[in-house]
Amino acid sequence: MRRKVTKAVFPVAGMGTRFLPATKSVPKEIMTLVDRPLIQYAIDEARAAGITEFIFVTSRGKGALEDYFDRAPELEASLKAKGKTALLEVLEDTNMDSGAIAYVRQHQALGLGHAVWCARHLIGDEPFAVLLPDDVIAADTPCLQQMVEAYEETGGNMIAAMEVAPHMASSYGIMDVPPTIGRSLQMRGMVEKPAPGTQPSNLAAIGRYILSPDVMRHLGEIKPGAGGEIQLTDAIAREIAEKQNVYGYRFDGQRYDCGSKAGFLQATVAFGLARSELHDELDDFLTDLMAQRQAAQ
């Protein structure tokens, strides 16, 4: 019987330089998409998939992120006194039970693989998920939940896969998979940011992973790769070579790259329109704005 995936690693040590000057004092992960921080979307997705232990790989300057998941007794008391039960329920969803969250520090910016490796002592010999909060995925069934259900059939390792246009392939890790249909695809290899025209497929890896503890072993053994960093892709490539047990998973949903300004704005509009209390006013504004732009042209 396969062990359940109950632990998740959230690499949140990055400095968020693409969002300066805001990230000079505000961790990127608690920047709000509509009215919820990016990290809350990742936490909610993990909870829906059955995750009960949350491991944050942080760095200096992330104190506000840690405080976000703590209780706010004064605010709770004020809302209760004013009878604002709906807001109390919203606030309750942001609280985490004592012991559910652990924090480890990444003291050097040595890449995603190194960040994941920093959590090795808390992972032990269990399978684990990795969620990158920059990747926000709108889906009827949360992406990681879809992956956990597929993982129960395949075991091994699993990476979320998304189709990308050929000219975008050089910005992603691209999967080498057979030309088959279906959602779970056994990977033959993976190429990190291939040169234009050399990509083995149109399937890119994005920020959702289910990994075996052997990946931690590989991360501890490999040498720095591209950019002088420990690449998670290199560790996964080793696992493919040793066991051929890595699968790409075509998830059902829309991914937004909230690590970029354009992606963050696109997600804001999409998530705003999806909210019933915001849809009409926002839709009217966008319609008027487009009419004004067309008239000006």
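Which residue of β4 is the bridge partner of Pro11? The bridge partner of Pro11 in β4 is Val57.

This is a predicted model, in which local features need pLDDT of at least 70, side-chain atom pairs count only at pLDDT 80 or more, and totals for chains, interfaces and linings use all residues. Residues are numbered from 1 along each chain as its sequence is written, and side-chain values use heavy atoms, with hydrogens and water left out.

**Strand β1**

Helices (H or I, at least four residues) and strands (E, at least two) are DSSP runs, numbered from the N terminus. Strand β1 covers residues 7–11, and five of its five residues are buried, so β1 is largely enclosed by the rest of the structure. Buried means under 20% relative accessible area, exposed over 50%, and partly exposed in between (1.4 Å probe, protein chains only). In a regular strand the side chains alternate between the two faces of the sheet. Both faces of β1 are covered, with Lys7, Val9 and Pro11 buried on one side and Ala8 and Phe10 buried on the other.

Two strands pair if DSSP finds at least two bridges between them.

| Partner of β1 | Sense | Bridges |
|---|---|---|
| β4 (residues 53–58) | parallel | five bridges |
| β6 (residues 128–131) | parallel | two bridges |

In β6, Val130 stands opposite Val9.

**Helix pairs**

Axes are lines fitted to C-alpha atoms, for helices over the stretch in contact, and angles run from 0 to 180 degrees between N-to-C directions. Helix α3 (residues 73–81) packs on helix α4 (residues 85–92) at an angle of about 155°, and their axes are 8 Å apart. That makes α3 roughly antiparallel to α4. Angles under 35 degrees count as roughly parallel, over 145 as roughly antiparallel, 65 to 115 as roughly perpendicular and the rest as oblique. Leu75, Glu76, Leu79 and Lys80 of α3 make the contact with Leu87, Leu88 and Leu91 of α4, where contact means heavy atoms within 4.5 Å.

Helix α10 (residues 261–273) and helix α11 (residues 276–296) have axes that come within 8 Å and cross at roughly 130°. These two helices, α10 and α11, are therefore oblique to each other. Val269, Gly272 and Leu273 of α10 make the contact with Leu278, His279, Leu282, Asp283 and Leu286 of α11.

**His218**

His218 lies in helix α8 (residues 214–221). At 0% relative accessibility, His218 counts as buried. Not counting residues up to four places away in sequence, His218 touches Ala235, Arg238, Glu239 and Glu242.
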